[in-house]
Amino acid sequence: MTTTATTPQQVLETVFGYPAFRGEQQAIIDHVVGGGDALVLMPTGGGKSLCYQIPALVREGVGVVISPLIALMKDQVDALEAVGVRAAFLNSTQGPDERRAVEAALLAGEVDLLYMAPERVTVPSTAELLDRIRVSLFAIDEAHCVSQWGHDFRPDYLALSLLHERWPSIPRIALTATATAETATEIVQRLDLGQARRFVASFDRPNIQYRIEPKNQPVQQLLQLIRTEHPGDAGIVYCLSRASVEKTAIALAEHGIPALPYHAGLDAATRSNHQSRFLREEGIVMVATIAFGMGIDKPDVRFVAHLDLPKSVEGYYQETGRAGRDGLPATAWLAYGLQDVVQQRQMIDRSEGTPAYKRRMSQLLDAMLALCETVECRRVQLLAYFGQRSQKCGNCDTCLAPPESWDGTVPAQKLLSTIVRLERERRQRYGAGQLIDILIGKRTPRVEQLGHTDLATFGIGTELTDQEWRGVVRQLLAQGLLAVHGDGYGTLVLTEASAAVLSGTREVRLRREVARPTRSSKRSAP
Ligand code: ADP
Ligand code: ZN
């Protein structure tokens with residue numbers, strides 16, 4: 001304790017200007033002030049920072065914060081200095097002079113909080129420096145970055161086990177907004193936090209409305225969302241590729257929406273310019289890859305839109321969690337289509353990883369697909385993924401407009417038997433497009449050329465439109481009744497479970513799609 005014997009409550013009020021702790025902040029802070037290790041799982045916006053900042057101010061010495069967010073360190077330090085906290089950072093953006101100045105301040109006892117990039121920890125001179133000062137605690141922010149199976153893995157995080165080996169008596173607090181039991185277990189193992197007390201906050205974000213719909217004309221759907229529900233609001237639009245980020249940003253701008261692109265292919269100056277415009281100006285829509293967002297503290301992001309399927313529920317939760325940090329109503333909207341599923345499966349197949357890695361990535365994707373196709377409350381399903389139970393929320397698309405389900409057994413049989421015939425009779429495999437053309441009896445040049453008009457299943461699926469068939473294929477993929485072959489061409493093959501559908505012993509329930517533009521445009525035609 002410092003000589004003035006300040007309490008956490010006093011620091012909360014006098015330094016940060018807040019009257020009361022939130023949730024478990026007080027319990028976490030008391031535990032760390034008392035010298036205990038802690039693992040804190042708390043959603044974005046829950047108030048993790050105070051959990052290590054206050055103990056660092058109450059305990060004697062320097063609180064060392066390990067953070068992967070190098071681009072934000074200066075802002076974080078500036079914000080702390082603005083409220084009178086003596087903070088500094090060490091990372092690769094600094095020149096030798098600047099680094100020496102920080103070191104001198106540390107040795108002179110003029111720093112209470114030191115932010116540090118993980119790669120600095122393994123540099124011998126850093127360890128020597130830390131040996132010469134009194135360290136009050138180590139905070140490991142974004143601790144899920146240590147998880148090799150996770151979506152934000154940073155190899156440098158693995159070296160952080162060294163902290164405990166070298167300074168066993170200094171308390172550590174690891175924090176993350178990722179909550180799966182698996183990630184937590186991995187953090188505990190890799191950072192040797194077996195003795196740490198766990199604090200798990202509720203991961204519910206009641207002010208966020210979750211909505212997932214089929215992707216038909218993504219930009220039009222997005223424009224509709226922005227114009228009808230979020231005109232003039234700040235938002236983030238996530239796309240999978242740099243190219244689609246660029247294309248979408250241009251399309252939005254052409255429709256008068258102040259949109260800016262952000263991805264790793266832009267130069268650093270442009271990225272930081274766009275980021276600060278997003279933070280400082282009102283109503284900017286950031287169109288970005290997932291390279292954007294971690295650590296961004298903009299409270300009034302009113303919507304997060306995904307134009308492509310996230311790779312995992314964790315990723316989806318983190319990205320959507322950037323909406324509505326101020327607690328006011330916000331929208332998390334995702335449009336996804338058949339192509340997303342095919343593309344992501346291909347990406348997994350083609351990746352360099354081990355078979356175990358690919359299996360793991362497939363499992364993560366399957367859980368994401370299950371969330372997309374659920375007829376239950378999205379929030380219940382989302383929280384269940386994180387091991388938390390909840391009631392139907394009344395504030396997600398499935399609660400607000402419960403989806404009808406229909407008996408899709410016959411269409412599924414038609415599709416599956418077309419695949420069987422092509423394989424058995426002709427040793428051929430095709431992607432969704434060709435199969436659907438066959439089913440609806442479309443005489444395209446390719447269909448004619450390949451002689452597919454002769455197939456027994458040619459034209460037997462006219463009860464559904466092209467669009468509806470795509471929905472069927474997508475849902476069958478999500479249910480594991482159909483698979484994308486690993487040949488890299490997106491061809492569709494049967495799974496073990498398909499046989500029961502073909503033999504009529506398994507019924508297929510499908511979710512009725514709300515948006516069906518193909519059908520309505522056909523109907524309005526004379
Ligand atoms: P996280 O790191 O968990 O995403 P932050 O630490 O950035 O969340 O906190 C989110 C916001 O909540 C910040 O603006 C912070 O100042 C505010 N906040 C945190 N704790 C409290 C509190 N006890 N009272 C009022 N505001 C708080
Ligand atoms: Zn719900």
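Two strands are taken to pair if DSSP finds at least two bridges between them. The model examined here is predicted. By that criterion, Gly-235 of strand 9 stands opposite Phe-303 in strand 12. Strand 9 and strand 12 (residues 303-306) run parallel and are joined by four bridges.

Strand 9 also has a partner in strand 11. Strand 9 (residues 235-238) and strand 11 (residues 285-288) pair in the parallel sense, again over four bridges. Here Gly-235 stands opposite Val-285. Ile-236 has Met-286 as its bridge partner in strand 11. Side chains in a regular strand alternate between the two faces of the sheet. In strand 9, Gly-235 and Val-237 point one way, while Ile-236 and Tyr-238 point the other way. All four of these residues are buried.

These pairings belong to an open sheet of six strands, with the order 8-13-12-9-11-10 and parallel pairing. Strand 8 (208-214) and strand 10 (259-262) form the edges, each pairing on one side only. From one strand to the next, the twist averages 15°. Helix 12 (residues 268-280) lies across strand 10 and strand 11. Its direction is at about 140° to strand 10.

The largest nonpolar core comprises 143 residues. Val-40, Leu-114, Ile-173, Ala-174, Met-286 and Val-287 touch the most other members. The contacts of Ile-173, not counting residues up to four places away in sequence, are Val-32, Ala-38, Val-40, Cys-51, Tyr-52, Leu-137 and Ala-139.

Asp-112 lies in the loop between helix 5 (96-107) and strand 4 (113-116). Asp-112 counts as buried because 21 C-beta neighbours fall inside 10 Å, and the cut-off is 20 or more. Leaving aside neighbours within four places in sequence, Asp-112 is in contact with Ala-56, Leu-57, Val-62, Gly-63, Val-85, Arg-86 and Ala-87. Ala-356 is 244 residues from Asp-112 in sequence. The C-alpha to C-alpha separation of Asp-112 and Ala-356 is 44 Å.

Ligand 1 has 13 residues around it. Those that come nearest are Tyr-18, Arg-22, Gly-47, Lys-48 and Ser-49. The shell around ligand 1 divides into four nonpolar, six polar and three charged residues.

Note on methods. Residues are numbered from 1 along each chain as its sequence is written. Chains are lettered from A and ligands numbered from 1 in the order in which they are written. This is a predicted model: local features need pLDDT of at least 70, side-chain atom pairs count only at pLDDT 80 or more; totals for chains, interfaces and linings use all residues. Helices (H or I, at least four residues) and strands (E, at least two) are DSSP runs, numbered from the N terminus. A residue is buried if 20 or more other C-beta atoms lie within 10 Å of its own, exposed if 12 or fewer, and partly exposed in between; C-beta atoms are placed from the backbone. Two residues are in contact if their C-beta atoms, placed from the backbone, lie within 7 Å. A residue is near a molecule or strand if its C-beta atom, placed from the backbone, lies within 6 Å of it. Ala, Val, Leu, Ile, Met, Phe, Trp, Tyr, Cys and Pro count as nonpolar, Asp, Glu, Lys and Arg as charged, and the others, Gly among them, as polar. Axes are lines fitted to C-alpha atoms, for helices over the stretch in contact, and angles run from 0 to 180 degrees between N-to-C directions. A nonpolar core is a set of buried Ala, Val, Leu, Ile, Met, Phe, Trp, Tyr and Cys residues joined through C-beta atoms within 7 Å.
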